[in-house]
Structure formats: structure tokens, C-alpha cells
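Notebook open, model loaded. I'll jot down what I look up as I go.

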Number of protein chains: 2
Amino acid sequence: MHPLVQRRALLAKRFPETPVLLFNGSERPRNYPGNPYPFRPDSHFLYFCGVLPPGAVVVLDGGEAHLFMEPVTRDEAVWSGPGPDWAELERALQARIHPRMELEAFLDGLGRSRLATLPSQDPAAAAEQSRLLGRRVDLEGDSPDGLLARAVIELRLRHDPAAREELRRVCAVTVQAHLDGMAATRVGGDEAEVLAAMMSACLRQGFGTSFQPIITVSGERLHQPHVGGLLREGDLLLADFGAEAATGWAGDVTNTWPVSGTYTPRQRDVYSVVLEAHRRAAARVQPGARYREVHLEACRATAEGLVDLGLLKGDPEDLVERDAHALFFPHGIGHLMGLDVHDMEDLGDRAGYAPGRTRSTRFGLRWLRLDRDLEEGFAVTIEPGFYWIPELLEDPGRRQAYADCVDWDQVERFREVRGIRIERDYLVTDSGHELLTPGLPDEPEAVEAAVGGRS
Amino acid sequence: MHPLVQRRALLAKRFPETPVLLFNGSERPRNYPGNPYPFRPDSHFLYFCGVLPPGAVVVLDGGEAHLFMEPVTRDEAVWSGPGPDWAELERALQARIHPRMELEAFLDGLGRSRLATLPSQDPAAAAEQSRLLGRRVDLEGDSPDGLLARAVIELRLRHDPAAREELRRVCAVTVQAHLDGMAATRVGGDEAEVLAAMMSACLRQGFGTSFQPIITVSGERLHQPHVGGLLREGDLLLADFGAEAATGWAGDVTNTWPVSGTYTPRQRDVYSVVLEAHRRAAARVQPGARYREVHLEACRATAEGLVDLGLLKGDPEDLVERDAHALFFPHGIGHLMGLDVHDMEDLGDRAGYAPGRTRSTRFGLRWLRLDRDLEEGFAVTIEPGFYWIPELLEDPGRRQAYADCVDWDQVERFREVRGIRIERDYLVTDSGHELLTPGLPDEPEAVEAAVGGRS
């Protein structure tokens, strides 16, 4: 069965009786309406209907898909071609296609008050959605939209064979981009050159990027869209970069390599701590594992490593209890992956947190985006890190609160490390996990060998 | 004087008494709110205030600039760094900076009903703008916003020295991208490889693109965002691609080269017609020239060339009167350029059409985006073309209407040409014009020499 048709059938089984209305959105103005951002269809629509021209709407009704699309006018055909052939598209998608103008009557036939929907990212589509339904999207509790969200989450969490194939494909391009980025790095060059090499690896294979790349020698700045800094001897370059397939599926990998081709001793020490945290966390990725435990395993490994390096003092278990590791590793160990790089984050924490679980307020846990028991078919990232964030480590309050378990003089000596993160993508399998991003160097020596480093 | 300060002073002179409210917009969700499109500040804001973090608002009041910005919170600083130093920024921009929360009181002090504004492209900013003013943006007639639009248009039309420098810089990168694209072309390759090479030329110098690139062997599809077709012996590749500087300034160039490195005789014949049309139109780019006449000169040159090639029959002047040229060259000869690749198109035709002039309904004129008398400092594109558009040339109505002046059998023989366009950017100077995009091959032999063409 066609994967899209199978997904619709599974939704109809989990969510019978209520017809579902989904929009793929429209092109959104960048600096003027005629110059839009590249069109990115909404992920829920992509999941059930694939890539269609902007403005498409689908009604999923008991396993049947009714697509509503604007016919291409004669004038439009002159400029943009005749568009897809509807009869062919109906066969390919196993869906009925109707002219967009028939949508309202169709919804009246179904009964508008019966419909459920999910939020649209495109403001124009969101407004149209509210108008058609006579209400706003409401994901709270057992509302129709809330129930639909839960059903869609359950489906999208467990990637089907077609989704797994797409994830492997986009991860392979993501890996190639990182290898090309390493090879393009040179002392005296700049971040933009590395970005260009990584983007080129995606574009030449028909891929885009799943989020705004972070390519920076300021790895301690966790959100760092600016690119352009110079690459100097002794710098580490942190590259958090994922490809996106034309079908919408996302990859997400981070590597941190030495610009010169050789880690300094302190950089290598910390890199090894992060790598060990990565390995220990990844080893726990298997069906039944609670993701918060995967996170805490990475926290323990980080604490142990930092005790060995003399930055932390005391029992690693106690240090993690007190969130001392979070001074250097404040974010979560990873997140869901799929059609969105943080999969289904448009639904808030509903996908990331199992029903009944909510975000902790603890310093060391509150930025964890995922706390479910892993199941076969989930795709997750593992991405521990170490960061020398002045706003955390120079904060007098924190210095005092952690006076007994941090050697602040030793911490100061590691300032040059700035930021290190090692991120890979994993698919949970029956027996454990599959690494979706094979082919990357992990060991510091292997990374050094992959880096250009010439000036 | 700082160019931004000078622009504000000039605006205050042209538009005294009325304070002006402008937004730079915010990051707009792509597939979920945490994964936005790359931030692109509104061009009017950029023109007077430069690049600032998302969410900035400016009140221009008698030459003074009051900027309202969100202070970076302690939590935000942990993730993204402390942000720009306001005192430094005040000196650099010669503006007063206030916390964003003080904006409403500040507007009350000025009197909200006195304010004029321009449309925001960001829906969130547009909603906030309406709320603050208690009304929608209204550009009609002599409304405050309409008068402001006219004053801003008059300023932005005539590029000042700083703007010219930016245009030269972004055009140089645009030229490099095209040369790299030609060199990356090979029989058996695909459009995506060429796109990757062109994007890389921009990215590695810290530039983006000013619109979604068109890189296609289907040059007859004038709006063709899809990229990925194979490059075959005998194909022409049409590349319409412009760089965008981090400051927002845009370039816009089109070249059409043979994938194999050699034009076929018919491709070369038509290329030469388009090149001649380009030269004759460009020769008219000078102060005082009416842009519609520049367009019509290209139409006449096209008609003459197509008569010589036997596609059209009759007197070229008459053919242009009857819009016969538009069967093959339906679009306008070009447009304004500046901070937007179609500069100020967010204001509709107000920038492109001089007061009192409106779009023609004629087939051969209605897609002309610009009809002003050119003045020193205007930047415009010149971009004639030839297209074999089935929806135009196979239309029975048109075949009949033009039966006496088109040799339809001869037209059929030129189907292989598909689409050719040659676009360059020009700055109107005192004495004529400056080519903003020097360094590109124009003659067919020069283009052939620049193309890789290896398989």
C-alpha cells in the first residue's frame, strides 16, 4: 500500500468518525509579497499527503482523502506552466481532487462542527482555518483537535518504513555536509566558507536545511545564527547542521573540530568527556528506556569526566542531583526527529512529553525537550555538550551556590574550550537502535584526520 | 555624516512635522515557531536604521531616531549572548534607544493620531502596528501613510553614495556566482549542482540571495522555483540569480548558457537577437529617458531580429504596435533595484509608476513594472528575453490573431530554444549609466568559453 494511504488508514483507525481538515499553507512574504520565502508545507499535511502546490487543503474522512486545490488559470500557466495533472495526481496520491472553491460546500455537507484540525504555521492559512471552522484551533484536553493531536502524535512518533528510508537518506546527506565542512576548514579562513561547503553538499543533491545552521567558533553561544567569524589557530569550530529533504524529512548533526586540524590538550580532554557522555547516553537508546534516564546518564558521564579533569569535586551522582553538571551542559540530551527537526514541536510538549509528564523546573532538567519511554520506530538525537558560558559561569550567585563542588580556578583554565557538542541521530529498533548518521569521525584523532586545517 | 543619519535628515526635510513609525519585523515560523525562516528586516526600516535584532521599532521624529528594543533577559543571554551594547549602538546609529515597553507611552506623548507608517511584511508586526495606531495602514491618496510612502519613494529611488557602494558590492558577488555556475555546468549533471555552485559563491562571502533562484533548462517557464532537472547535450541553462548583502541590498542577473559549451545555430541566432535587444535598451538608460521607451526599444529590436530570423513578418514598428513581439517576450524590460530586488514593490506600483501613470492593459505592456522618467541615481535592470511558451504559442486564438504576421512553421523550428534571457543591472549616472555588473560574458563565444560543459 502507498505509504501516504497507509498513514491515512491508520489515522482513520485511531481517530474514526471525526473528519480532519489540514492545510499545507501558502508562500509567505519575505520583503514584499511577490518575493516569498521558499515554500515549506506544514508537516502534518506532508505526513498524509506529500508535497503539493501552496494553498492545498485536505479533508481526511474515514481513510479517504479529499484534496482541494486552486486550478491553474490560463494566465498563470503562461508564467508557471500548467501545473500537475489532476487525474495523474489522483492516481498517484489515491485521493480525490476538487477545485478549491468547492471546499466550503463540501465542509457544509460534512458538518463543520464535526471537524478537527491542527495548527497551521502560515498566518493566512490559520486565519482561513478559523473562518471555515468558526472557531480557533483548540488543543486542550479532550477537544476534537486535542484528540486529533494525540492520534497524529502516536502515528508520527513511530516512523514507518517509508519514513525510515527518508530519514536514512537525509541523514546521509547531513553526514556528507559535515565531512565537506571539515575538509573546507582552514586557518585564516572563516565560518562562511565552511557554511558554503556544507550548504553546497546539500544543494547539489537537491536538499535544503532543516534549520538555520550554527557554524561558529563561539560554540558557547547555543543559539548563534550569525555566521562570519574568522578561523584562527587554536579555535574549535562547532557545526550544528542538518539537511532537509524536498519531502520535508530532517537530519540534525553536530560536530566540533579543531580549525588547525589538532585539538589542544584541554580541548581534547573535554572533547573526550563529551564523547564518553554521548556513548553512554546512546547505549541506553532502546525500547522501554525512559528518555529522561538517557539524559541523566549523559549528565552523570559529564560529571564524572569533569571530576577527573578537576573542574568538579565530589560524587558524580550527588553533583547531578545538585545540577552542577548543568553549569557546563545546561540543555537537554536531545529531541524527537522526523518531518520537523524537533518533531511536532508545533504541538508544544504534547509530542515530547508522555501524557502525565511535564517539564521539570530543575536547572538541570527544564530544557529537556523529550521525556517519553522510547519505542521501536522513534527517531531521537543524542547531543551532549560542554560550554563555557560567561553568563552562567561568571554569575556570582552560581559561583557561591556551587562553591563547594566547583574548582573555579580550574574552570577558568578551560575557558579556551568555549563550546563542544557531539550530536548523532538514532532510530530505536526492536533490539536497541540504529545509528542514522554513520560515517562520521568520533574519536578526536579521526576528527583531526578529516579536517583540512591548511592555511 | 553617517549615511543612515543623512537619510533620516532628508526624510525629515521632505516629510516634516509627522512622526514616522517603522517596524523591522520578527522571525516568522517555518514549520514550527521555534524553527523560523532566516530573519529579513523590512526594507524601509533597513534604509533608515540598518540591521538590528528582530522586534525593533523606530520612531523618526524631525530627523531624530528613537529605537525601541527588547532588552536581553538573563536567561536569553545564557543561550544567545548579551546582545548588542546599547550605548555603543546609540553612538554607531546616532539614535536614542529605549526599552520596548516604553513605546506606548512614547507614542502617547507624540499623539498616536499624528503618526504615519508603512506596511510591515511580518504579520505579527502588522497586527501590532494596527493596534498601536488604532487603524490600518492606508496608502491611498493624501493620507499620512500615502504622503510618507511618496516621500520615502523619492528618497529610495535615488541611491545615495552608500547605497551605490552596497549595490556595486552585491552585484560583484552576483557576477561571481554566475561565473561559478557556468564553470560548474556539465553534460550529465543537473540543475542542482549549478545552484550549489552559485549559492556557494554567495555564502562563502557572507551573502545570501535576493530572491528564490531560477536555474532551469525550462527557460520558457518564467516562474520556475523547482530545481533538479538533468543537463543534457543541447540544453540551454537559464540562470536568474541575485545575491543579497547582509545589509539587505540586492543584485539580479540572468544568463543563459549552453550546457555543452556550444550554442546550437538556432540558439545562437536567438541569443544574438536578445543580446542586441539588451544593448539597444541599455543604450537608452540615461537621465530623462522614459522607461517605457526603453522597453519599447527592446521590443522593436526583438521584432527586427525575429523578422530577420523569419519568425515574424512585416514592419517591426507595426509588429510592436500589435504586440506581436510579446508572443515571444511577454514581460517587461526590467524593474527598479535596491534594498528589494523589485525595489519598493511592497508599495504596489507607487514606486515603479510615476504619479499619473498607470499600467497599460496592452498585452505587450501590462507586465511592465516600471514607467518613470529615469533620474541620476536610479538602479534598474535590463532583461529582454525570448521564450517558447506553449500556452502562448499554441493558443488557437493567438495563432489566428497573428496569422498574417507570424510564420508559425518557422516558429515551430525554434521550439528547441525554449527560453533565453540576458539581464544586467545599471545605475543611472549624470552622463548616462554605469554597468553595475561588469565582468560577465555577453557575446555567445565569450559565454561558451566561460562554460565548463565537460561531462
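This is a predicted model: local features need pLDDT of at least 70, side-chain atom pairs count only at pLDDT 80 or more; totals for chains, interfaces and linings use all residues.

What rotation, and how much shift along its axis, superposes chain A on chain B?

**Symmetry.** I get a rotation of 180° with 0.0 Å of shift along the axis, and the RMSD is 0.0 Å. The two copies are thus related as by a two-fold rotation axis. Next I asked which residue of chain A comes closest to that axis. It's A:Ser200, with its C-alpha at 3.0 Å.

**Interface.** I compared the interface residues of the two chains. Of those in chain A, 100% are also interface residues in chain B, so the copies meet through the same surface.

**Core.** I looked into the largest nonpolar core, which has 263 residues. Which members touch the most others? A:Val58 and B:Val58 do. I then listed the contacts of A:Val58, skipping neighbours within four places in sequence: A:Leu22, A:Phe45, A:Phe48, A:Cys49, A:Ala65, A:His66 and A:Leu67. General background for this entry: nonpolar side chains tend to be buried together in soluble globular proteins.

**Helix H1 of chain B.** I checked its length first. H1 covers residues 3-14, and at 1.5 Å a residue its twelve residues should span 16 Å; the end C-alpha atoms are 16 Å apart, which agrees. Then I asked which residues of H1(B) are buried, and found B:Arg7, B:Arg8 and B:Leu11. Their arc around the axis is only 100°, which puts them on the same side of H1(B). As for what covers them, I noted helix H2 (43-49), strand E4 (57-61), strand E5 (64-69) and helix H7 (144-157) of chain B among the elements included.

How values were computed
Residues are numbered from 1 along each chain as its sequence is written. Chains are lettered from A and ligands numbered from 1 in the order in which they are written. Copies are superposed by least squares on the C-alpha atoms of residues with pLDDT of at least 70 in both. Two residues are in contact if their C-beta atoms, placed from the backbone, lie within 7 Å. A nonpolar core is a set of buried Ala, Val, Leu, Ile, Met, Phe, Trp, Tyr and Cys residues joined through C-beta atoms within 7 Å. A residue is buried if 20 or more other C-beta atoms lie within 10 Å of its own, exposed if 12 or fewer, and partly exposed in between; C-beta atoms are placed from the backbone. Helices (H or I, at least four residues) and strands (E, at least two) are DSSP runs, numbered from the N terminus. The expected span of a helix is 1.5 Å times one less than its number of residues. The arc is that of the directions from the helix axis to the C-beta atoms.
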